[in-house]
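Visitor: I am new to this structure and would like to learn how to read it. Could you walk me through some of its features, step by step?

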Amino acid sequence: MLGLVYPLVIALVGMLFETRSSTGHRLQIYFSETEAASVGGLALTYIAFVALQSLLYAQLELKVVGAITVLNVIWFAINLLGLAFFVLRSLDFIQPTRRVRLTRSYIANIAWRDQLRGLMLANRWVNAARYKYLPEDAAESEFTITPFISDADLVAREFSSPRRLRDIRFGVLSVALKARTKRASAEDKEIRTTLAGWPGQDYASRAVLVRGVGEASWSERRLFLAAFRFGPVSHADPIPTTEGLLAEGAADLVSLFDAGRLDDFKARLRELLEQHALYYQLAQTPQNPGDPPFNYGAMDAGFQSLAMEWVRAYIPLLDRLAERLSSDPKFLESAASLAPRLQHRVGSAPHEATRALFFPTMYLVRGLLLTATRSRTLSPGTTPEPTFAFSGPKADAYTRAWQDVVGGWETFAEALAPLGTSKPAPGWPQIRALAPGLARHLRDTAMMVAVAAQSGETIAIRWTIDLMLKWDERNRRIWPTSSQGWAVGRALPTLELTSREWEAVPASLYRHDDRPAEPIDVFDAAIENAWRDTLLVLVCSLIGRSVSPAPGVVNDGAAMAACALFQNREFDAGASYHPRSAPLVTEEILRSILRLVGESGRDDAAYGRSIEELAEQISRLEGPNYISGRVYGWSGEASLWGQNTTHGLLIAASLNTLPAGRTGKIGVSGTIRTLLLPASDEARRAIIRHLEGIRDALPGIDRVHGAGIASALTASVIDVPELETRLDRVREWLEECLSLIHVAREQVLLSAPVDTAALRAISDAAQTKGFSKAEGAFPVSAFAVIDQSSDALKPRVYRQTHVRRGSYVLPPMDDRMGSEGEWWAHELVGRVGEIVLLDVLEASTPSRRSPRSAATYWKALSEALEAVRATGQSPVVIRPHRQDPKCLWDWTHGSGDRPSDFAFVRQPNEDDSYDFHLNGTPVYSSRAANGATWVFGVERLDRLTFQSFGEEGLTKLTLEPDAANPWSASLRLEWARRVRLSDGPAFRISHPKPSS
């Protein structure tokens with residue numbers, strides 16, 4: 001029975017897989033789910049056992065033979081059950097529907113569990129510090145976990161046979177890292193530590209565990225070796241990965257496509273999509289109330305997310321479909337619908353996991369354009385035209401392919417935001433979950449236009465332009481907006497609102513009546529604005545990428561796309577949803593510029609920055625933004641700020657031609673005024689910088705080339721004088737807008753309260769060094785006692801004039817120097833030292849000496865030093881400047897007749913006023929000396945008292961506005977002191993006049 005059934009079933013399964021291109025994983029699933037190895041092994045063992053019995057029956061007692069017979073019966077029954085299980089499972093595997101169920105069972109119970117274990121292990125290893133497995137404080141232990149840094153090998157293990165890294169002992173590893181950091185700190189050496197071992201990795205003969213800079217000690221090496229635990233490598237067949245199973249299914253689809261078996265192709269693709277959706281279901285974690293959803297598909301699987309690994313399995317299929325355009329369009333139509341079909345199945349997964357679904361369509365678009373480019377034939381020595389249309393026997397298939405791609409992409413948008421079937425209208429949480437996917441779809445739609453324009457293929461350009469222009473109407477028209485949506489101020493909301501909770505959305509600001517806005521109405525307006533803003537950035541980027549062989553010549557793919565978008569040109573007349581009016585009219589261009597700049601922010605996730613990424617992506621289509629062949633153009637279009645020149649030209653092109661003899665100005669509407677004055681002053685400053693950038697860029701526009709671009713954009717004749725007139729109107733509008741912002745900001749500034757917390761922080765920083773014995777300058781550091789008093793002492797004021805007043809008000813209206821506190825602390829060290837020294841010299845009642853020559857000066861100085869030493873005090877010398885007196889300067893620099901008993905040496909770690917030690921006496925320079933050399937004993941510096949201003953400490957900082965300039969002010973820092981000197985001699989020695 002075994003010899004008959006077992007080979008028969010294996011043969012049936014082999015026949016079933018005969019047409020498959022790759023059967024390794026599928027056979028592995030078959031053997032696992034049917035327990036073929038276990039059943040076969042059990043049967044063969046039974047046969048061997050029975051054969052052995054036949055040789056021993058004659059020597060065995062009857063009871064033993066009976067027992068063996070009973071055992072044989074039981075064993076045979078078990079074999080029959082196992083064989084029945086094997087046969088039934090094999091028959092299930094032959095039937096398509098049941099085979100799918102068995103495959104899903106294998107994926108869920110074996111393949112995914114094994115892969116998830118590896119993913120979690122890698123995640124825990126890479127984020128060991130965040131999970132508190134390893135020290136998080138860089139001062140305690142600083143390290144990097146990656147196998148890709150090529151520093152010197154510090155710790156490695158050699159193997160005689162392949163080994164696998166099975167475990168890492170974090171406790172031992174922590175000790176090793178801390179010991180290495182502590183040793184480096186004690187020895188004042190620079191080190192770098194990189195943990196290069198990778199859990200689950202197989203090593204053939206040598207495993208590098210630690211790399212870095214700076215040798216590891218013997219004990220550190222032993223600890224590192226003990227932390228990484230290795231085990232033998234299993235020789236069993238590796239469990240297939242989920243992406244490997246998908247790749248095998250995609251290979252089947254390639255074979256079916258090559259064979260032209262459409263029905264089998266569609267059935268197998270349906271199975272593969274169900275399998276792909278299963279992955280997302282398995283990867284979705286249970287969600288606790290209040291926690292954001294998480295899907296393991298978003299987890300990093302090496303160089304990209306696991307979800308991206310899944311979709312990349314379709315690459316061979318997409319390549320084949322784009323390369324060999326079939327006469328049967330159903331093949332590519334099925335592939336073009338990959339994204340929407342998957343999105344419908346996994347719509348509950350978070351965007352971080354499903355954003356990989358954008359890849360197949362974008363990859364297919366690039367594949368079609370590559371096929372079109374390869375089909376282009378050029379005669380030797382001819383220059384290719386800037387644009388071309390796919391031609392040849394497959395032209396109809398190519399056109400139909402683009403129709404299918406566009407249709408699938410539009411369906412994908414509906415799957416990303418299924419709001420048309422939402423009853424009642426969706427709430428804000430649901431809208432927030434949908435917004436990232438829809439925003440990504442809009443950006444990738446614009447990228448399709450850019451990629452098509454870059455290729456110059458006109459069929460692709462027309463289809464993608466139609467797709468971009470109809471994107472807004474097609475997606476929003478079916479949304480369940482409220483009947484009161486007309487009252488929403490539609491030009492104001494942006495997608496930045498979806499980053500907030502609804503309670504934080506100032507909904508009342510977006511309506512013209514007293515009713516609160518509905519979430520769907522606000523979102524509807526935000527999506528329309530996002531489309532218009534993306535359209536502006538796209539057109540500006542296309543103009544920037546247009547290669548012009550001569551002034552005013554605008555005829556390549558980028559120019560064609562930009563002009564078609566600007567003119568609202570329709571190529572697919574039979575389709576619906578085309579905009580009723582051109583989206584890039586003057587008012588809308590101005591609104592988009594102000595929205596983008598006003599919400600650009602400093603955060604990479606800010607609304608303007610997120611749309612600005614489109615310009616950066618387009619700039620990378622052909623390497624750096626600079627293109628050497630673009631003679632008549634401008635660079636810098638890779639960012640929103642770099643497009644200010646294009647913004648000025650685009651506004652000018654959108655204006656109407658004035659009748660002869662008439663003048664006109666661009667009006668500043670109420671909506672424009674609102675956008676010019678956002679609530680944040682930081683946004684107002686950003687708008688000012690951008691509008692000033694546009695204004696300053698207008699004179700630099702090449703008038704001939706600019707007139708050519710404006711003419712092409714408007715499909716009319718705009719000569720140089722007309723362009724000049726329009727640019728003047730743009731300049732007048734910019735000046736009016738800037739004036740409005742400046743006036744509004746000045747009104748706010750005049751009533752803005754002073755930022756007392758900022759002033760207090762500066763004041764606190766200012767008194768950290770200059771008033772302390774440890775860090776103060778001479779003579780503060782030399783006083784025997786330094787204390788504080790609440791009494792009113794001798795005041796001193798230090799002013800920093802012409803500071804920006806807006807930096808010190810609430811809310812801040814100007815940028816502030818980041819290291820301002822450090823500057824004040826350093827500045828006051830010298831200032832306080834100088835003023836205290838001036839008080840000391842005024843209170844010292846010196847004996848005066850007036851030498852007339854260098855020799856008598858040296859004699860007077862030496863006598864003064866001896867007089868101070870005679871009282872048991874340590875003298876100190878103060879001079880007004882390092883070059884005063886000239887004789888002392890000459891002696892220390894090797895010129896002049898140096899006295900025979902003159903000796904000096906410089907000592908390290910002194911303050912800035914210190915010069916050197918003269919015959920063992922320290923010499924300082926300070927303006928307080930006022931044209932003479934002073935000598936006194938340092939022991940006379942008895943007590944220095946600073947006035948305490950209560951909670952403000954030893955200094956009091958206030959802001960003094962400038963009456964002549966509201967944007968200017970002075971910072972007034974006040975402090976007070978009293979010095980007390982003990983008895984002792986002091987000398988003031990005048991400087992002799994230098995001899996001629």
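**Reading sheets, helices and charged pairs**

Guide: Let us begin with an open sheet of 7 strands, which runs in the order β10-β19-β15-β11-β14-β13-β12 and has mixed pairing. Its edge strands are β10 (847–849) and β12 (904–905), each of which pairs on one side only. Please keep in mind that this is a predicted model.

Visitor: What holds the strands of a sheet together?

Guide: Strands in a sheet pair through backbone hydrogen bonds, and the pairing can be parallel or antiparallel. Take β15 (residues 932–937) and β19 (residues 986–990): they pair in the antiparallel sense over 5 bridges. Within that pair, F936 stands opposite A986, and W934 has R988 as its bridge partner. Strand β11 (residues 875–879) is also joined to β15, by 4 antiparallel bridges. There, V876 is the bridge partner of F936.

Visitor: Which residues lie on each side of β15, and are they buried or exposed?

Guide: In a regular strand, side chains alternate between the two faces of the sheet. For β15, A932, W934 and F936 are on one side, while T933, V935 and G937 are on the other, and all of these are buried.

Visitor: Now for charged side chains. How many salt bridges does the count come to?

Guide: Side chains of opposite charge can pair when their charged atoms come close. Here the count comes to 65 salt bridges. In one of them, R400 and D404 meet at 3.1 Å, N to O. These two residues are 4 apart in helix α16 (residues 395–416), so about one helical turn separates them. R400 is partly exposed at 31% relative accessibility, whereas D404 is buried at 10%.

Visitor: Which parts does the pair of R432 and E501 tie together?

Guide: R432 forms a salt bridge with E501, with the closest N and O atoms 3.0 Å apart. R432 is in helix α17 (residues 428–455) and E501 is in the loop between α19 (471–476) and α20 (519–545), so the pair ties together parts that are 69 residues apart in sequence. R432 is partly exposed at 25% relative accessibility, and E501 is partly exposed at 48%. Salt bridges can also form networks, such as the one linking D472, R476, R490, D524, E528, R532, E587, E588 and R591.

Visitor: And which residues form a nonpolar patch on the surface?

Guide: L52, L55 and L56 do, with about 310 Å² of accessible area together. L56 lies in helix α3 (residues 36–56), and at 41% relative accessibility L56 counts as partly exposed.

Technical notes: Residues numbered from 1 in each chain as written. Predicted model: local features only at pLDDT ≥ 70, side-chain atom pairs only at ≥ 80, totals over all residues. Heavy atoms only, no water. Patch = residues over 30% accessible without salt bridge, like charges linked within 9 Å, V, L, I, M, F, W, Y side chains within 5 Å. Areas by Shrake-Rupley, 256 points an atom, 1.4 Å probe, with all protein chains shown as cover. Salt bridge = Lys/Arg side-chain N within 4 Å of Asp/Glu carboxyl O. Buried < 20%, exposed > 50% of the residue type's maximum accessible area, 1.4 Å probe, protein only. Pairing = 2+ DSSP bridges.
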